[in-house]
Amino acid sequence: MKIIQADVVIIGSGSAGMSAYRAARKHTDKIAIIEGDQFGTTCARVGCMPSKLLISAANANHHAQNTDAFGIHVNGQIEVNGQEVMHRVKSERDRFVGFVIDTIESYNPQHVIKGWAKFIDEHTVEVNQELRIESKAFVIATGSRPRVNEEWKILEDKLQVNDDVFYWDDLPKSIAVMGTGVIGLEIGQALSRLGVRTEIFGRTENIGGISDPVVLKKAHQVFESELNIHFNTIPKVSLENNKVRLEYANTVDYVDLFLAASGRVPNTDHLGLENTGVQLDKKGVPIADPDTMQTSVPHIFIAGDASDQLPLLHVASDQGFTAGNNAAIYPNIEKGLVRSRLSVVFSEPEIAVVGQSYRELDLDNTVIGMVEFENQGRSRVMLVNKGTLRVYFNKKTKIFLGAEIFGPATEHIGHLLAWSHQSGLNIDQMLEMPFYHPVIEEGLRTALRDAKAQWD
Ligand SMILES: Cc1cc2nc3c(=O)[nH]c(=O)nc-3n(C[C@H](O)[C@H](O)[C@H](O)COP(=O)(O)OP(=O)(O)OC[C@H]3O[C@@H](n4cnc5c(N)ncnc54)[C@H](O)[C@@H]3O)c2cc1C
């Protein structure tokens, strides 16, 4: 078997792995970046980008169907051409993937290795049982995969995951979506808005990761009025006459496909970690310091979804950079950039969590300000006046702690709040910031004033 030496080995060439490569490359030329599957990253190929393309098509249809309140009546038929929808999703997606592949092709070809890597010991990985690489340091950047329950596997090719959706040539007539978290909600609402009969199931009352009960209640009202959504329900599934048979709550239903979107599993279970001393948590994921991404074996670092810390694209990139840098300068290590938390769900209305979530608050020491969007000026003008925003402040210091948002312009308000959080602003400083008129952000000011009034 061929054996080569390296300073840094990066396992996985997704967003975290590529960022790790960029950081490590500044310090050494003895690098290997190993990819078992296709290049192109989960984000560009089957994640962030194609999901947003599908959502954009869905919202175009939804808005075209809902113009009457403005006095605009669309008399001709609005037709969703599933083949054209999927063609645009895939061709735009392929363009994004192409940019990623261009970047990989710009790497020194000797650094790029195709195959599945596994640890043999703490200083060696084996690739496809053909090649061994001995290295001073490692970055695990192996991402995550959809969780698929064993009992769903009897559905054979009717069982779909997000990766499959973004290779469809046409839309199905009907689908069951298992999961009301971020991915289930985004894809479920999009398919529903594209005219696919969509039954969405959640094993709990969760919607898109909202933990604030007031915000969650509003999200329930809004989504339950638009979508066929069944909470606290896991349907029993089987195959019958080439259809998926669903059985739940005295109901029997038949759909074309079943989408498993009930969470993701970090890819750390086939890495031979048992051949290392890396300390694992209950889920089998290496425990790592979020500031340095160092595991309990000091020369092994981890980044991105594999770390199971916060499975978001910008976090994968930041953690990858930190891990790659530290692997290359090991045994010296540095703290990397850890930004204020910002997560967004691209449902309509959107959902965001900034800084500390409601679940993480010390409620006795927190002041909560709130706005409902129903009567918010600009939101009513635009007929997007649905939602609730709650902002959290430290009662003693008046410092902004975090927010949960469900409503219009959430991706933008989320940014304003995340920047405020990272800057350590307090309620007075936030209210001193400019607010234009008439904008949806004035709703945020109402919530801030509501919080401020509780000290006055
Ligand atoms: C449908 C969907 C929508 C999303 N939307 C958003 C969004 O809007 N915004 C956002 O911030 N995030 C979003 N995300 C999350 C985001 O895509 C991920 O957080 C990010 O892509 C993770 O990057 P990564 O580098 O950790 O993993 P990946 O990009 O998955 O890279 C891991 C790589 O490691 C390879 N690999 C695994 N094991 C091995 C091995 N043993 N040997 C060699 N190679 C290996 C894999 O083949 C893969 O290429 C979404 C995800 C999904 C699924």
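1. C43 is buried, at a relative accessible area of 14%, where buried means under 20% relative accessible area, exposed over 50% and partly exposed in between, with a 1.4 Å probe and protein chains only. C48 is partly exposed, at 26%. A disulfide joins C43 to C48, with an S to S distance of 2.4 Å; the criterion is a pair of cysteine sulfur atoms within 2.5 Å. The torsion about the S-S bond of C43 and C48 is about -135°, so the disulfide is left-handed. A search of the whole structure finds one disulfide.

2. On provenance: this is a predicted model, in which local features need pLDDT of at least 70 and side-chain atom pairs count only at pLDDT 80 or more, while totals for chains, interfaces and linings use all residues. Residues are numbered from 1 along each chain as its sequence is written, and side-chain values use heavy atoms, with hydrogens and water left out.

3. The ligand is surrounded by 35 residues, a residue being counted if one of its heavy atoms lies within 4 Å of the molecule. The closest are E35, T42, K52, D305 and L313. The shell around the ligand divides into 16 nonpolar, 14 polar and five charged residues. In this division Ala, Val, Leu, Ile, Met, Phe, Trp, Tyr, Cys and Pro count as nonpolar, Asp, Glu, Lys and Arg as charged, and the others, Gly among them, as polar.

4. Which elements each supply at least two residues of the shell around the ligand? They are helix 1 (15–25), strand 2 (31–35), helix 2 (42–46), helix 3 (48–65) and helix 8 (313–329). Helices (H or I, at least four residues) and strands (E, at least two) are DSSP runs numbered from the N terminus.

5. A ligand oxygen lies 2.5 Å from an N or O atom in the side chain of T42. Polar backbone atoms are also reached by ligand oxygen: one of P311 at 3.4 Å and one of G14 at 3.5 Å. Taken alone the ligand exposes 1,000 Å², and the protein buries 91% of that; accessible areas come from the Shrake-Rupley method with a 1.4 Å probe, and for residues only the protein chains shown count as cover.

6. Strand 15 (residues 257–260) is covered on both faces: L257 and L259 on one side and F258 and A260 on the other are all buried. Strand 8 (residues 159–160) runs parallel to strand 15 and is joined to it by two bridges, with Q160 partnered by L259. Strand 9 (residues 174–178) is also parallel to strand 15, through four bridges, and M178 has A260 as its bridge partner. Strands pair if DSSP finds at least two bridges between them.

7. T198 sits in strand 10 (residues 197–201) and is buried, with a relative accessible area of 3%. The T198 side chain reaches the backbone oxygen of V196 at 2.8 Å and the backbone nitrogen of S192 at 3.4 Å.

8. L310 is in the loop between strand 17 (300–302) and helix 8. At 25% relative accessibility, L310 counts as partly exposed. The C-alpha atoms of L310 and R341 are 8.9 Å apart in space, while the two residues are 31 apart in sequence.

Definitions and conventions
Polar contact = N/O pair within 3.5 Å; in protein donor to acceptor, adjacent residues only side chain to side chain.
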